[in-house]
Amino acid sequence: MNLIYLDNNATTMVAPEVVDAMLPYFTQEYGNPSSIYDLAHGANEAVKISREKVADFLGANEPKEIIFTSCGSESANMAIKGVLDVNRNKKHIITTRVEHPCVLNLYKDLEKRGYQVSWIDVDSKGDLNIGQLLELVTNDTALVSVMMANNETGTIYPVDKISEAVKMRNPETKVFVDGVQAAGKIPINLKDTKIDLFGISGHKFHAPKGVGALYVKKGTMLSPLVVGGHQEKGKRAGTENVPYIVGMACAAQLAKDSLNDELTRVKSLRDKLEKGILSNVKNAVLNSKSSNRVPNTTNIGFQYVEGELILLHLNDEGICASSGSACTSGSLEPSHVLRAQGVPFTSLHGSIRFSLSRYTTESEIDYTIEKLPLIIQKLVKISPFQKELNEIFK
Ligand code: PLP
């Protein structure tokens, strides 16, 4: 049975070109970029070129605005803690209710430590209440933090417009954008925005897990999260992970080159999957309702059936997808993103995210459209909500 991987927002396959680009840096060019002999020179040069490529990928003004990190979570923690540490007299933060846990849980922790956090709502389509956000910016606002694309629904937030409007209200307020689910899926051109800090993670765009980057706009003051050596111009200590940095830069270039494919072919496959499911499964409802979405993601709720059971049956058919609930952490708490959108409990527990990539084929989508209705039929039969389901299927 072939594997059909529709969980690319969780992680992606490492592109073969990326593996090839990384290999020499394990066995031949393995020098420490900080050393002075010739062997180290190759590694140093590779990091330099990688920084240029990632800067180009994000549309930064200069390569030195890019700091390499170990993941998206580290990039977010570095940005948020780093900014707050150099602005200790300001205690107000504005963020959204739909951020990734690496941002959300950090703000919950900061709330306990005396920060005032304003949580911005989304509407039933998942779009952000930008008016509410802007009204809350004051002289005491140290940081505004909004993700560019949501990992569960794919909703895009207009972070460029938000950053401009925030700076008009308070030019001192810093703007951090979690760009992890946007990078490689939609165009990014940071030099044209007022965004100060922007985090990405390699494994979401076909680089390996364990490497990320933080864009820090020139002139933005930031305390380091990891203190030690002078690497990354003193902003992030630790010997550079040269092979992974090279891999992420290669993946960034490939993602940039295939952006058109993402915006056309991948989007049309996503739309076909969405339409195919919604028209063949009577108890299916669309959760990804915003008109502004990344091209690879859809989130669909199946009323009165259990999401984890859908995933297990999909797995039996060789299809990988993901549920809204935080099952991986051992909790069956429904998704905070879908709850913020007001998705009713009848489909909250049966919500599934499908996320495609440039490696997804049309036959994989056709196969999923064929198998999923049969799975839902089976699960409808064993659901305790027969009366409600009879109403839907009558
Ligand atoms: N931000 C978003 C929106 C994400 O989807 C993820 C991962 O799923 C992260 C941050 C964290 O990235 P990493 O797994 O590299 O720490």
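## Ligand site

Of the 13 residues around the ligand, those that come nearest are Ser73, Asp178, Gln181, Ser201 and Lys204. A residue counts as near a molecule if one of its heavy atoms lies within 4 Å of it. By class, this shell holds four nonpolar, seven polar and two charged residues.

A nitrogen atom of the ligand sits 2.6 Å from a side-chain N or O atom of Asp178. An oxygen atom of the ligand is 2.8 Å from a polar side-chain atom of Gln181. A polar backbone atom of Gly72 is 2.8 Å from an oxygen atom of the ligand. The ligand taken alone exposes 390 Å², and the protein buries 88% of that. Accessible areas come from the Shrake-Rupley method with a 1.4 Å probe; for residues, only the protein chains shown count as cover.

## Model basis

This is a predicted model: local features need pLDDT of at least 70, side-chain atom pairs count only at pLDDT 80 or more, and totals for chains, interfaces and linings use all residues. Residues are numbered from 1 along each chain as its sequence is written, and side-chain values use heavy atoms, with hydrogens and water left out.

## Second largest pocket

The second largest pocket has a volume of about 390 Å³. Its lining has 17 residues; Val47, Arg51, Glu232, Lys233 and Glu240 lie nearest its centre. By class, the lining has five nonpolar, four polar and eight charged residues. On a 1 Å grid over the protein atoms alone, a pocket is an open set of points with protein on both sides within 12 Å along at least five of seven lines; a cavity is a set where a 1.4 Å probe fits but cannot get out; lining residues have an atom within 4 Å of a point. Points are joined across faces, edges and corners, and a volume is the space filled by probe spheres set on them.

α3 (38-58) and β2 (66-69) each supply at least two lining residues. The largest share, five residues, comes from α3. Helices (H or I, at least four residues) and strands (E, at least two) are DSSP runs, numbered from the N terminus.

## Enclosed cavity

The count comes to one cavity of 30 Å³ or more. The largest cavity has a volume of about 120 Å³. Of its 16 lining residues, Gly184, Lys185, Lys204, His206 and Glu262 lie nearest the centre. The lining has five nonpolar, seven polar and four charged residues.

## Positive phi

Most residues other than glycine have a negative phi. Glu232 is not a glycine, yet has a positive phi of about 50 degrees. Glu232 is found in the loop between β8 and α8 (242-257). Glu232 is buried, at 8% relative accessibility. Buried means under 20% relative accessible area, exposed over 50%, partly exposed in between (1.4 Å probe, protein chains only).

Tyr304 also has a positive phi, near 65 degrees. Tyr304 lies in the loop between β10 (297-302) and α10 (307-316). Its relative accessibility of 16% makes Tyr304 buried.

## Two further buried residues

Thr11 is in the loop between β1 (4-5) and α1 (16-22). Thr11 is buried, at 16% relative accessible area.

Tyr215 lies in strand β8 (residues 212-216). Tyr215 is buried, at 0% relative accessibility.

Conventions. A polar contact is a pair of N or O atoms within 3.5 Å; within protein, one must be able to donate a hydrogen and the other to accept it, and residues adjacent in sequence count only if both atoms are side-chain atoms. Ala, Val, Leu, Ile, Met, Phe, Trp, Tyr, Cys and Pro count as nonpolar, Asp, Glu, Lys and Arg as charged, and the others, Gly among them, as polar.
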